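Please look over the sequence and model before reading on.

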Amino acid sequence: MQKDFERLFHRAEDHYLQPPEIIAFRKQLGLMGERLSAYRLVRDNEIVIFQAIADQLEEEFSNAPAAQLQQALLHWISILRYGSMAMLLSNPEYLQYRLLEWLEGMVQAHDLSAIETRLSALLKEQLQSLLGVPQYRLLEPFLVQADQTVLGQAPVSAMQEEEMITLGE
């Protein structure tokens, strides 16, 4: 369950929601609609997104074994699926504990960092062209979280970190 909703439900245990709490509830419902819309777009276009990425990777990493490219694609398909669900739940812990912790070791063990770094960038480009800015911004913190954990990229800026905290509350 979304933590934002969960917090409101706990408040309602000892009193009726007050006007500011009802406004917060409506805001969460609006965000939930945006999250659900983004989730559907990603789900319905997954094949298109990853086919374009696969084509680009084959061109850029023509000397890499096909198995490595396929493995990297499978990693990021999983990241997008789990990341989209984490976005829907507004819960970064879902992505971290269900996927990223074990995936980090897999990427390092198979020396796929260069391919996966490029794949991450291509995925972001595809998603930005598919989703509107508000929907992409809902998903972006989870992609950044994946970059940090799996690719060991630099920590997010203070503003991005605040967004992730807000999403995860």
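The model is a predicted one. It holds 4 salt bridges, and three of them are described here, including the pairs Glu 60 with Arg 118 and Asp 147 with Lys 124.

- Glu 60 and Arg 118 form a salt bridge through their side chains, with an N to O distance of 2.7 Å.
- Glu 60 belongs to helix H3 (residues 46–60) and Arg 118 to helix H6 (residues 113–130), so the pair links distant parts of the chain, 58 residues apart.
- Glu 60 is partly exposed, at 34% relative accessibility, and Arg 118 is also partly exposed, at 25%.

- The side chains of Lys 124 and Asp 147 meet in a salt bridge of 2.1 Å, N to O.
- Because Lys 124 sits in helix H6 and Asp 147 in helix H7, this pair ties together parts that are 23 residues apart in sequence.
- Asp 147 is buried, with a relative accessibility of 3%.

**Salt bridge of Asp 44**
- Arg 43 is the salt-bridge partner of Asp 44, and their closest N and O atoms are 2.8 Å apart.
- Asp 44 has a relative accessible area of 52%, so this residue counts as exposed, the cut-off being over 50%.

**Gln 135**
- Gln 135 is part of helix H7, which spans residues 133–151.
- The relative accessible area of Gln 135 is 9%, so this residue is buried, the cut-off being under 20%.
- Apart from neighbours within four places in sequence, Gln 135 contacts Glu 34, Ser 37, Ala 38 and Leu 41.

Terms used. Residues are numbered from 1 along each chain as its sequence is written. This is a predicted model: local features need pLDDT of at least 70, side-chain atom pairs count only at pLDDT 80 or more; totals for chains, interfaces and linings use all residues. Side-chain values use heavy atoms; hydrogens and water are left out. Helices (H or I, at least four residues) and strands (E, at least two) are DSSP runs, numbered from the N terminus. Buried means under 20% relative accessible area, exposed over 50%, partly exposed in between (1.4 Å probe, protein chains only). Contact means heavy atoms within 4.5 Å.
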